[in-house]
Amino acid sequence: MRLKSFKTFFLVLLFIFVSCEVSDVDKTAKLVTISELFSLAPGFEWFPYEFNKYLPDSTVSKQIDSLWKLKRYRFILFVNPSCNCEGTQVVFPMIAKCLKSGNVPDSAIIIYSMLNTSYTHPYVEKFKVRSLPSCFTEIDSSKYFSVVDTFDLYKLKFPGKFQMEHIILLSLQK
């Protein structure tokens with residue numbers, strides 16, 4: 001009986017590893033869209049659930065909407081397709097939800113999927129992606145505001161005071 005239990009355990013473990021495996025042959029970030037993420041793109045099956053779970057402050061969302069309409073900035077995200085990366089599975093959907101709640105159109109949300117920060121991407125000469133997920137607000141096509149780095153810093157300096165939508169709004173006030 002123990003041998004059968006061990007075989008079953010081994011098969012389940014093997015299934016988990018194979019089902020979460022993502023090819024790492026090409027080291028170039030791949031462009032993905034919000035609609036692809038809702039279509040359960042491989043490695044992003046968790047995205048719709050996490051996106052729907054987050055409820056941004058509606059007052060801040062209205063401010064994001066107003067400022068975005070004036071400035072027309074773009075948001076560039078770098079994310080990790082994964083089965084178990086907690087940071088990606090919470091922070092990235094939170095950012096997407098804040099942007100969509102602020103009526104930022106999909107055309108202004110550029111998402112690159114990459115397994116690690118060493119991948120090449122079209123912005124490699126403009127800024128360095130230090131962690132995944134990362135989000136940059138592109139200001140006037142020449143300046144970049146790191147939303148996630150700022151969020152992490154504010155979380156340490158002012159625990160519980162700032163939500164993701166506050167940081168996105170801050171990036172639009174630059």
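A residue counts as buried when its relative accessible area is under 20%, as exposed when the value is over 50%, and as partly exposed in between (1.4 Å probe, protein chains only). With that in hand, look at helix α7, which is mostly covered: eight of its nine residues are buried. The buried ones are M164, E165, I167, I168, L169, L170, S171 and L172.

Before we go on, a word on what you are looking at. This is a predicted model, in which local features need pLDDT of at least 70, side-chain atom pairs count only at pLDDT 80 or more, and totals for chains, interfaces and linings use all residues. Residues are numbered from 1 along each chain as its sequence is written, and side-chain values use heavy atoms, with hydrogens and water left out.

Now step back to the whole protein. It has seven helices and five strands; here helices (H or I, at least four residues) and strands (E, at least two) are DSSP runs, numbered from the N terminus. Along the sequence they follow the pattern α-β-α-α-α-β-α-β-β-β-α-α. Of the 174 residues, 44% count as buried. Contact means heavy atoms within 4.5 Å, and among the contacts with a separation of 6 or more, 72% join residues 24 or more positions apart.

What covers α7? Two of its helix partners can be described here. Two packed helices are described by the angle between their axes and the distance between the axes. The axes are lines fitted to C-alpha atoms, for helices over the stretch in contact, and angles run from 0 to 180 degrees between N-to-C directions. Helix α4 (residues 58-71) packs against α7 (residues 164-172) at about 25°, with the axes 10 Å apart. That makes α4 roughly parallel to α7, since angles under 35 degrees count as roughly parallel, over 145 as roughly antiparallel, 65 to 115 as roughly perpendicular and the rest as oblique. The contact joins V60, Q63, I64, L67, W68 and K71 of α4 to E165, H166, I168, L169 and L172 of α7. These residues divide into seven nonpolar, two polar and two charged; Ala, Val, Leu, Ile, Met, Phe, Trp, Tyr, Cys and Pro count as nonpolar, Asp, Glu, Lys and Arg as charged, and the others, Gly among them, as polar.

The other partner is helix α6 (residues 147-157), whose axis comes within 9 Å of the α7 axis and crosses it at roughly 125°. α6 and α7 are therefore oblique to each other. In this pair, V147, T150, F151 and Y154 of α6 meet M164, I167, I168, L170 and S171 of α7. By class, the contact has seven nonpolar, two polar and no charged residues.

A nonpolar core is a set of buried Ala, Val, Leu, Ile, Met, Phe, Trp, Tyr and Cys residues joined through side-chain atoms within 4.5 Å. The largest has 40 residues, and those with the most contacts inside it are L77, F92, I95, I111, M164 and I168. Its largest share, seven residues, comes from helix α5 (residues 86-101). Follow I95: leaving aside neighbours within four places in sequence, I95 is in contact with L77, C135, V148, M164 and I168. In soluble globular proteins, nonpolar side chains tend to be buried together.

Leaving aside its neighbours within four places in sequence, E50 is in contact with Q89, V90 and P93.
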